[in-house]
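User: Please take a close look at the ligand site in this model. After that, connect the site to the rest of the fold.

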Amino acid sequence: MNMDETVTAIGTPNIAFIKYWGKRNEKLNLPSNSSVSMTVDEQLNTKTSILFTDRLSADRVYINGEMQDVHGAEMMERLVSLEILRRLAGEKRKALVVSENSFPAGSGLASSASGLATLTYTAAKALGLKLTPREMSMIARRGSGSACRSLFGGIVKWRKGVREDGSDSYAEQVVRPNYWPELIDIVVVLTRARKKVSSHVGHGLTTKTSVLYKSRLAYVENAVARLIAAVKERNFETLGELIMRDSNNMHATMLDTWPPLLYLNDSSKEVIYRVHELNESEGKIVAAYTFDAGANAQVITLKRNVGKVTRLLGGIESVNDVIKLKMGNGPRVLGESDSLIDERTLRPRSG
Ligand code: DP6
């Protein structure tokens, strides 16, 4: 076991092709439907360093240089993953956690997924626990549902499971990144503003109030199966249609929530129209947009069409940034020189 030693690891977000929206159990983060995502490469990443030490009387967490209120309601829910791991290891000492995201939080760029997956992975390593990625995915899920999918690289399925205790609700790899290396996720940053209603809160509102939500649940498991088949066949046309339809379907249930949840803005709609225009002019689906609980778009395409898609997006006035991502491999441990912790002062390392 690594005693009194800082462990640092890096993890990445994932973009859902079939979305997780709605929970059958809020405490355990058990989803009402299965979902499928692509884990992205390290251009967007979370780096996390963890030190278990008896020099602290309470956990101390810094995210992007800011000390968090570990007794705040949301932080406490998130840190349940750390608590579970500490109990598993029989560890009594408190943790110093320093985490840095390479992208803005709360803007629909999956910062909670990347953050909680990396926290779980790093803490498991720091505690010397020999857990499988599947076991870690179940623990990360408790902190943030979508995080469970970032424990694996490539294309990943999160099984909704049927058991009350959540023991069959975990993530698993569908294909490795090198199965379809041509697949690209273009992140289109339209706004860096924080969304008004977090997905954390949105899940429950839609489940409780949307009339359309029932029809989403009736279609979605079958869509998961068809999407996985399209990935295995490397059939981009079918994959692209399923991705766009699922994003639209989820956003329809969001609009149908009372009071309504409106995450898309005029620029998001511009992306939707332009992608459809491109596909029409090509006579087939060459690009597919998808939106999480935020206005920023992600456009999935194949390597050979990246130029075309980028030109198309370049014509949209409000595009702040375009980031082209490949599939990533999932989290990994970094070296000592990457540590974000100053062990002497128990603060983030400066610089
Ligand atoms: C729209 O995983 O952020 O991005 O489990 O409450 O932390 P919590 O929710 P979260 O929800 C993500 C919703 C989504 C779709 C997806 O990633 O599947």
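How far is an oxygen atom of the ligand from an N or O atom in the side chain of Lys23?

Analyst: The distance is 2.7 Å, taken between an oxygen atom of the ligand and an N or O atom in the Lys23 side chain. The model is predicted, and the values here are computed from it.

For His203, an N or O atom of the side chain is 3.0 Å from a ligand oxygen. For Ser112, a polar side-chain atom lies 3.5 Å from an oxygen atom of the ligand. On its own the ligand would expose 460 Å², of which the protein buries 96%. The surrounding shell has 18 residues, and the closest are Tyr20, Lys23, Gly145, Ser146 and His200. By element, helix α5 (residues 199-209) supplies the largest share of that shell, with three residues.

Next, the nonpolar interior. In soluble globular proteins, nonpolar side chains tend to be buried together. The largest nonpolar core here has 54 residues, and those touching the most other members are Phe17, Ile155, Leu183, Leu227, Leu239, Val271 and Val299. Helix α6 (residues 213-232) is the biggest contributor to this core, giving seven residues. A second, separate core of 34 residues includes Val7, Ile50, Tyr121 and Leu127.

Beyond four places in sequence, Leu183 touches Phe17, Met38, Ile155, Phe236, Leu239, Ile300, Thr301, Leu302, Leu325, Lys326 and Met327. One of these partners, Leu302, lies in strand β14 (residues 297-302). Leu302 has a relative accessible area of 7%, so it counts as buried. Setting aside neighbours within four places in sequence, Leu302 is in contact with Trp180, Glu182, Leu183, Ile184, Phe236 and Val286.

Strand β2 covers residues 14-18, and five of its five residues are buried. This strand runs antiparallel to β5 (residues 35-39), to which it is joined by four bridges. Within the pair, Ala16 stands opposite Ser37 of β5.

Strand β1 (residues 7-11) contains Thr8. The relative accessibility of Thr8 is 3%, which means that this residue counts as buried. The Thr8 side chain makes a polar contact of 2.7 Å with the side chain of Ser49. Apart from neighbours within four places in sequence, the contacts of Thr8 are Thr48, Ser49, Thr122, Val333, Leu334, Gly335, Asp338, Ser339 and Leu340.

After α2 comes Gly90, with a positive phi near 65°.

Back at the ligand, the side-chain distances to its oxygen atoms are 2.7 Å for Lys23, 3.0 Å for His203 and 3.5 Å for Ser112.

Methods: Residues are numbered from 1 along each chain as its sequence is written. This is a predicted model: local features need pLDDT of at least 70, side-chain atom pairs count only at pLDDT 80 or more; totals for chains, interfaces and linings use all residues. Side-chain values use heavy atoms; hydrogens and water are left out. Buried means under 20% relative accessible area, exposed over 50%, partly exposed in between (1.4 Å probe, protein chains only). Helices (H or I, at least four residues) and strands (E, at least two) are DSSP runs, numbered from the N terminus. Two strands pair if DSSP finds at least two bridges between them. A nonpolar core is a set of buried Ala, Val, Leu, Ile, Met, Phe, Trp, Tyr and Cys residues joined through side-chain atoms within 4.5 Å. Contact means heavy atoms within 4.5 Å. A polar contact is a pair of N or O atoms within 3.5 Å; within protein, one must be able to donate a hydrogen and the other to accept it, and residues adjacent in sequence count only if both atoms are side-chain atoms. A residue is near a molecule or strand if one of its heavy atoms lies within 4 Å of it. Accessible areas come from the Shrake-Rupley method with a 1.4 Å probe; for residues, only the protein chains shown count as cover.
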